[in-house]
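Please look at the sequence and the structure below before reading on. The report that follows takes up a pair of helices and then the strands.

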Amino acid sequence: MTATVIDGKAFAARVRDKVAVHVGRLKADHGITPGLAVVLVGEDPASQVYVRSKGKQTVEVGMKSVEHRLDEDTSEVDLLGLIDQLNNDPEIHGILVQLPLPRHLDEDLVINSISPAKDVDGFHISNVGLLGTGQKSMVPCTPLGCLMMLREHHGSLSGMDAVVIGRSNIVGKPMAQLLLGESCTVTIAHSRTKDLPDVVRRADIVVAAVGRPEMVPGDWIKPGATVIDVGINRLDAPEKGEGKTKLVGDVDYDSCAKVAGAITPVPGGVGPMTIACLLANTVTACCRANGLEEPEGLTV
Ligand code: NAD
C-alpha cells in the first residue's frame, strides 16, 4: 500500500481563503476588522521567523496585524502591563505571546493574564478547562489543524482507535481531548509508555508529537492507518551541500508511507495548518466578541 498524502499546504491555503472571505464580510457588513497582536520577547531566531510569518499571513487575509517586540530583559511587570493594554483594546481580538519566553518570566502567569476570549493560542487555563469539559473554547492551533485534516480525510472519526504520542500541554493533551470529543478511543503515549510499538500498532489514527526525528518506523503502523506527523526536527543534510539542513518529522516518512492509508509530510503537513488555524481562531474570537455568527468550518 502507498499512503495518500494529506497536503497540509493546500489545505492551509483553503483555510486562509475561507478566513479572508469572512474578514471581507466583517468589514463590509459590520465595519469591523479583526486584529491580531503578537508579542515577542527576546531574540530567539526561530521565534522571529514564526512571528514574521504570522504577521505577513495576518495582513494577507485582510486582518490588522500588530507586533510588539520587547527586549530580552523586559520585566514581568512591563509585559503584564502590555497584555493588560491589549486585553482592553477593542481593535485587538486575538493576542499571542510567542513561546518560549526568557527564563526570568513566568510563562503560566503571562499566558493566564491574557483575556480568555482573546487567547487565540488556546493555552489559557480557562480555555484548557472548557476544551476538557467539551465546551466552546479557543482551541490550540496545532491540534485544531490536525483535527481539521482528519475530519476532511475521514468524515466521522467515531469509534476509531487513536494514539497520540506526546503529552505536552500545547499539542499532545489538547489533541487527545479533541479526538475524545470526536468519539475516538484515545490513548496518550509518552516517554514512559511500555511497549510503545505495540500501543501504536493498535491505532487507526496515530498523531506523533514527540520532537524526536523519525522515531516512529513503518513497522509500528497498522496497515491502512492515518498518520499525522506533528514533529519538526532540523537535521544536518551534508548530501545537500556543506552546512545545509533539512526538516524531518517524528515519523520515518518513507517506511510509514508504505504501510499507512494516509500520512502528512514534513514539511508541508501540519506546519502550514498551525498559522492558518491561528488566523481562523482570530476571526472566531472577533465574531464572538461582537456577538456575530461564527464562520463555519473554522473551529470545532
Ligand atoms: P514537548 O517536548 O513539550 O513534548 C514531547 C512529548 O513527547 C513529551 O510529552 C514526552 O513525554 C514525549 N516523549 C519524549 N520522548 C519520547 C519517547 N521516546 N517515546 C514516547 N514519547 C516520548 O514537545 P511539543 O511541544 O509537544 O512538540 C512535539 C513536536 O512537535 C516537536 O518536534 C515540535 O517542534 C513539534 N511542533 C510542531 C508544531 C507545528 O506547527 N507543526 C507545533 C508545535 C510543536
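At roughly how many degrees do the axes of helix 1 and helix 10 cross? The model is a predicted one, in which local features need pLDDT of at least 70 and side-chain atom pairs count only at pLDDT 80 or more, while totals for chains, interfaces and linings use all residues. Residues are numbered from 1 along each chain as its sequence is written, and side-chain values use heavy atoms, with hydrogens and water left out.

The axes of helix 1 (residues 8-30) and helix 10 (residues 270-289) come within 8 Å and cross at roughly 20 degrees. Axes here are lines fitted to C-alpha atoms, for helices over the stretch in contact, and angles run from 0 to 180 degrees between N-to-C directions; helices (H or I, at least four residues) and strands (E, at least two) are DSSP runs, numbered from the N terminus. Helix 1 and helix 10 are therefore roughly parallel to each other, a term for angles under 35 degrees. Among the residues of helix 1 that meet helix 10 are Phe11, Val15 and Val19, and the partners in helix 10 include Met273, Leu279 and Val283, where contact means heavy atoms within 4.5 Å. The residues of this contact divide into 14 nonpolar, two polar and two charged; Ala, Val, Leu, Ile, Met, Phe, Trp, Tyr, Cys and Pro count as nonpolar, Asp, Glu, Lys and Arg as charged, and the others, Gly among them, as polar.

Turning to the strands, an open sheet of three strands has the order 3-2-4, with parallel pairing. Strand 3 (64-70) and strand 4 (94-97) stand at the edges, and each has a single partner strand, so one side of each is left without a neighbour in the sheet. From one strand to the next, the twist averages 15 degrees. Helix 2 (residues 45-60) lies across strand 2, strand 3 and strand 4, and runs at about 160 degrees to strand 3.

| Strand pair | Bridges |
|---|---|
| Strand 2 (residues 35-41) and strand 4 | four bridges |
| Strand 5 (residues 161-165) and strand 6 (residues 185-189) | five bridges |

In strand 4, Gly94 is the bridge partner of Leu36, and in strand 6, Ala189 is the bridge partner of Ile165. Gly94 and Leu96 point one way from strand 4 and Ile95 and Val97 the other way, and all are buried, meaning under 20% relative accessible area (1.4 Å probe, protein chains only).

Technical notes:
Parallel < 35°, antiparallel > 145°, perpendicular 65-115°, else oblique. Pairing = 2+ DSSP bridges. Buried < 20%, exposed > 50% of the residue type's maximum accessible area, 1.4 Å probe, protein only.
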